[in-house]
Amino acid sequence: MFGKERTVKQKTVIAAALGECVHVAGISNFLRLAESAGWRTVFLGPAVPIDEVLAAAKREQAELVGISYRLTPETGERLLGEFAEAASELHERGVRFAFGGTPPVVERVNALGFFERAFDGSEPIEEVLAYLKGQQAGGQTETDYPQTTVERIQWKSPFPILRHHFGLPTMDATMDGIAKIAEAKALDVISLGIDQDAQENFYHPKRQDARRKGAGGVPVRSEEDYRALYAASRRGNFPLLRTYSGTDDFIRLAVMYVDTINIAWCAIPLFWFNQMDGRGPWDLEGSIREHQSVMKWYGEHNIPVELNEPHHWGMRDSSDAVFVVSAFLSAYNAHAFGVKDYIAQLMFNSPPGLSDAMDLAKMLTVLDMIEPLERDDFKIWKQTRIGLLSHPLDPDAARGHLAASTYLQMALKPHIYHIVGHTEAHHAATAEDVIEASKIARRAIENAMGAPDMTADPAIKKRRKKLSAEANAILDAIRSLAGTEAADPFTDAATLARAVTSGILDAPQLVNNKFGRGQVKTRIVNGACVSVDGNGKPISEARRLEALI
């Protein structure tokens with residue numbers, strides 16, 4: 001009616017374990033997913049007679065009825081046949097019916113031709129969610145699965161999309177592995193791990209070294225190689241592909257990535273992948289300018305950008321405060337250079353030894369500092385991951401670490417979960433390793449959907465406040481470096497480079513570095529990584545910075 005808002009009636013789904021079946025775990029999971037997809041849910045319980053289910057469907061005006069039966073197939077077939085006959089009137093009136101049970105029962109249910117969809121428990125969560133949202137899923141064509149990052153995130157919400165690094169020493173092995181991963185529907189995004197020459201010297205064959213071919217990843221040497229890898233992924237759940245943004249010829253590579261693999265998003269650091277870490281030909285200040293240009297190019301083409309920056313400091317044992325500052329500068333630069341969809345990478349366990357509480361506090365502080373940057377034209381998407389150096393060598397212990405860290409990270413409600421497989425400390429992941437790691441992570445994520453709010457811990461709140469103050473002290477020091485010619489010290493490449501060469505941004509493992517000082521000392525104290533004096537006693541960042549003057 002004119003002058004009044006129209007209210008959309010919430011759809012209702014009822015669900016029950018039928019007949020003598022008392023197994024309700026599957027039904028509970030189904031209804032939990034239905035709630036997240038916007039349904040009003042009514043659980044009727046275990047061992048519900050047929051007439052009670054139908055009466056409830058009429059009483060609740062249900063649009064969808066979920067039935068479960070997990071006992072013997074022969075008994076189930078007879079009971080469900082009776083149910084189909086009794087429910088025919090509702091079926092004709094447009095009520096939808098879905099079934100969940102064991103594979104043998106589902107096989108017989110499908111033969112009945114009554115239920116709209118039957119689930120046997122092997123389906124990925126995103127397929128069940130897509131069904132409940134009225135979307136296509138589980139088909140065999142690319143159009144059944146969103147093919148941009150943001151669309152894929154929205155399609156799979158409230159669960160994060162899954163990403164894993166993958167690249168083997170030969171093209172054939174990598175193509176075969178990609179096909180297996182896609183067929184298994186293990187990932188939403190395959191991050192192509194390419195070797196160092198592909199990152200630095202793709203357009204410079206004379207600079208390539210045949211002796212290191214395949215070192216660190218798949219040796220792609222032509223655009224056709226990239227097209228072949230992409231073709232291998234066109235099956236299963238049609239995962240997105242992305243790869244390193246390179247350490248030279250950045251824009252030329254970006255154009256090629258879009259054309260060959262429909263790159264899901266750009267990932268590039270702010271201070272790294274240059275002469276400072278030996279991974280590229282550019283000096284520090286020059287590489288900062290180049291990286292800013294890459295951000296701008298991807299932003300202009302509406303492709304998301306991730307700055308895989310802060311963990312490079314954490315992996316070199318920087319203080320938590322420096323980690324937070326680098327994360328802020330990353331988001332700040334992405335916003336300043338026109339990125340519209342920014343992926344904030346939050347690497348936990350970096351450095352190893354952080355307690356779960358202090359690790360979580362550090363990541364929450366990052367979000368505290370970058371979320372004020374969010375605008376209609378600058379959307380922040382959270383991506384969490386396990387620390388690259390934190391997996392134990394023992395594979396069983398590593399599986400436990402993967403599950404436990406994944407569960408913790410879900411407290412941040414990430415949009416993207418970057419799986420770092422349990423084999424990382426031992427060998428580059430095979431397709432089988434990736435698929436196994438995906439199963440471990442998926443289960444931990446599912447369990448965490450009902451977890452208590454760990455962010456409410458008073459110790460975490462206290463640490464966030466202190467860490468924010470420490471980070472702001474560092475940012476003030478960077479501001480003081482800027483000359484009159486720098487309009488914005490946080491985006492001025494010369495100022496940012498001086499923040500490193502002056503020691504304002506520093507990490508212990510930068511000792512004897514061409515650009516970094518490596519003078520700072522850090523230690524894990526009460527679960528947090530903090531700066532310490534010569535006697536190993538914690539000091540504030542303000543005190544550390546005073547010593548630089």
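Is Glu223 buried, exposed or partly exposed? I looked it up in this predicted model. Glu223 is partly exposed, with a relative accessible area of 33%.

**Entry 1: Arg227 and its partners**

I stayed with Glu223 and checked its side chain. Glu223 meets Arg227 in a salt bridge, 3.8 Å from N to O.

I then found a second salt bridge at Arg227. Its partner is Asp259, at 2.7 Å from N to O. Asp259 belongs to helix α11 (residues 250-261) and Arg227 to α10, so this pair ties together parts that are 32 residues apart in sequence. I noted Asp259 as partly exposed, at 47% relative accessibility.

**Entry 2: Asp188 and Arg152**

Next I went to Asp188. I found it in a salt bridge with Arg152, where the closest N and O atoms are 3.1 Å apart. The pair links distant parts of the chain, 36 residues apart. Asp188 is in the loop between α8 (171-183) and β7 (189-192), while Arg152 is in helix α7 (residues 149-156).

Are these two buried or exposed? Asp188 counts as buried, because its relative accessibility is 0% and the cut-off for buried is under 20%. Arg152 is buried as well, also with a relative accessible area of 0%.

For the whole structure, my search gave 33 salt bridges.

**Entry 3: helix α1**

I turned to α1, residues 25-36. The helix has 12 residues and reaches 17 Å from its first C-alpha to its last. That is close to the 16 Å expected at 1.5 Å a residue.

Which residues of α1 are buried? I listed Ile27, Phe30, Leu31, Leu33 and Ala34. They cover an arc of only 160 degrees around the axis, so they lie on the same side of α1.

I also checked what covers these buried residues. The cover includes the strands β1 (12-17), β2 (40-43), β3 (64-69) and β5 (117-119). Helix α6 (125-132) is part of the cover too.

Last, I looked past the end of the helix. Gly38 follows α1, and its phi is positive, near 100 degrees.

Notes. Residues are numbered from 1 along each chain as its sequence is written. This is a predicted model: local features need pLDDT of at least 70, side-chain atom pairs count only at pLDDT 80 or more; totals for chains, interfaces and linings use all residues. Side-chain values use heavy atoms; hydrogens and water are left out. A salt bridge is a side-chain nitrogen of Lys or Arg within 4 Å of a carboxyl oxygen of Asp or Glu. Helices (H or I, at least four residues) and strands (E, at least two) are DSSP runs, numbered from the N terminus. Buried means under 20% relative accessible area, exposed over 50%, partly exposed in between (1.4 Å probe, protein chains only). The expected span of a helix is 1.5 Å times one less than its number of residues. The arc is that of the directions from the helix axis to the C-beta atoms. Contact means heavy atoms within 4.5 Å.
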